[in-house]
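Here is a short tour of one protein fold. Keep the sequence and the 3D view side by side as you read.

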Amino acid sequence: MSQDGATATGVAPGTGTATATAAAGVGQRTEPQPPATRPSSSTIRGNVNSNNNNSSGSKNGQGNENGAVVLPPSSQVFPAYTAHRLRLNPNADHKPDSYEDMQLVFSPLLFSSLERYLPSTLLKSPRESKFHYMNQILLQYSTESERTRVQKHREYRQKIISNYQPLHRELYTMHASNFFVPSFIKAVNENTEESLRNIMSEPSPGIFAFEMLQPRFCEMLLAEVENFEKWVHETKFRIMRPNTMNKYGAVLDDFGMETMLDKLMEEFIRPMSRVFFPEVGGSTLDTHHGFVVEYGMDRDVDLGFHVDDSEVTLNVCLGKQFSGGELFFRGVRCEKHVNSETQPEEILDYSHVPGCAVLHRGRHRHGARATTSGHRINLLLWCRSSVFRELRKYQKDFSAWCTQCQREKKERQRQSVAATKLELLRREGAAAS
Ligand SMILES: [Zn+2]
């Protein structure tokens, strides 16, 4: 883990954006415990959250300005949003306008996807009318502070992207046959459980390991990250680190790889998660946080026991030469049971190999042991489902995925059966006498 627990909490050093924990909605602080020699007995006090927090998707308690939005007078000429209703299902045939050229508070993509839900009467309207209608809806669902945060983060990204010169431009657009090994592409294209299982091992339930990246891609990405770090160092640009637990590493989304990584999630990780993690929103993953982390004696050394702020996590080893750095996994837990005991069958220690990926639920408790020599650099993609997060707010029983909830449910059932048996025996006894 990083040198001391106190600095590993909250905010990346020097970024001055104290938004990570508050906006992530769950787990207030990440407080990694002393080196996890026996991870099964160490404690998790929260989740590790992303610092840039581009998409944690929850309303934080910053006061509710819903309904108090004052619209500019110009909006009066557009149809009032109350005059129309959105469709229940998207219009799949409709080709939405692009909003990329507009300076917007919300993502242009959000407008394009929402457009499919517009009533048919509005679809033929000019783009500006549609925009105003949708903007009114969206404003109702976000707070002022959230919009300010998003806007600031967008400016931060824009500043990097307009100043940083990429080393390998080909990394910034998805090119599957250049990035991935053929077996991986074939398995995902066939898109069946059987084809996926053929390329995977499952060393412990819910943890899937498979060969994924081509060596050349790993080398290029490593060089790109190095080039970015060099630029950061030379320009003294104050960057946000990937999450509350890593002091080294970089957010790939912040320097131009967001679109490429979105494709990686949509075309590769979501199809796999639909098969293996449907109960945690695997088929509705819709946002991601993509970053690299660096371990070594002069970097982060190890990573304490934690859960990720994701539904599904992809963790790929990029290299380089290293020893140590094994991942350890200790079972899937809901928020309430995050510190409950590890069962013997949940213990897995796993050694990562360059090019190979591990796919697991974000709530699968894990950590990484010390990288004792060399440098270990990993690509992480935290995939999230806004639908799953919304539904989870109204649920109490997580036995579909939390193994502790499962055990407690079974125990309740066992007790109830035993009580029924006892009652029947008592009645039989009473009838016989
Ligand atoms: Zn539970």
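**Ground rules**

This is a predicted model: local features need pLDDT of at least 70, side-chain atom pairs count only at pLDDT 80 or more, and totals for chains, interfaces and linings use all residues. Residues are numbered from 1 along each chain as its sequence is written.

**Overview**

The protein has twelve helices and 13 strands. Both are DSSP runs, numbered from the N terminus: helices are H or I with at least four residues, strands are E with at least two. The protein has 433 residues, and 35% of them count as buried. Buried means that 20 or more other C-beta atoms, placed from the backbone, lie within 10 Å of the residue's own; exposed means 12 or fewer, and partly exposed is in between.

Two strands pair if DSSP finds at least two bridges between them.

Strand β8 (residues 327-332) is mostly covered, with five of its six residues buried. In β9, R330 has I347 as its bridge partner.

**The seven-stranded sheet**

A second open sheet has seven strands in the order β1-β2-β10-β6-β13-β4-β3, again with antiparallel pairing. Its edge strands, β1 (200-204) and β3 (250-251), each pair on one side only. Strands of a sheet pair through backbone hydrogen bonds, either parallel or antiparallel.

| Strand pair | Bridges | Direction |
|---|---|---|
| β8 and β9 (residues 347-350) | four bridges | antiparallel |
| β8 and β11 (residues 364-368) | four bridges | antiparallel |
| β2 (residues 207-211) and β10 | four bridges | antiparallel |
| β6 and β10 | five bridges | antiparallel |
| β6 (residues 312-319) and β13 (residues 376-384) | seven bridges | antiparallel |

Strand β10 (residues 356-361) is mostly covered: five of its six residues are buried. A209 has V358 in β10 as its bridge partner. T313 stands opposite H360, also in β10. V312 faces C383 in β13.

Helix α9 (residues 215-235) lies across β3, β4 (287-295), β6 and β13. The helix runs at about 90° to β6.

What is the size of the largest nonpolar core? The core has 59 residues. A nonpolar core is a set of buried Ala, Val, Leu, Ile, Met, Phe, Trp, Tyr and Cys residues joined through C-beta atoms within 7 Å. The residues with the most contacts inside it include V316, A357 and L381. Helix α10 (residues 258-276) gives the most to this core, with seven residues.

Buried residues of α10 include L261, L264, M265 and I269. L381 is in contact with each of these four, and also with H288, G290 and L314, leaving aside neighbours within four places in sequence. A kink of about 45° lies at I269, shortly before the proline P271. The bend is the angle between axes fitted to the seven residues ending at a residue and the seven starting there.

**One more buried residue**

F179 is found in helix α6 (residues 176-179). F179 counts as buried because it has 22 C-beta neighbours inside 10 Å. F179 touches L213, Q214 and F217, not counting residues up to four places away in sequence. F179 and L213 are 34 residues apart in sequence, but 5.9 Å apart in space, C-alpha to C-alpha.

Note on methods. Contact = placed C-beta atoms within 7 Å. Axes fitted to C-alpha atoms, helices over the stretch in contact; angles between N-to-C directions.
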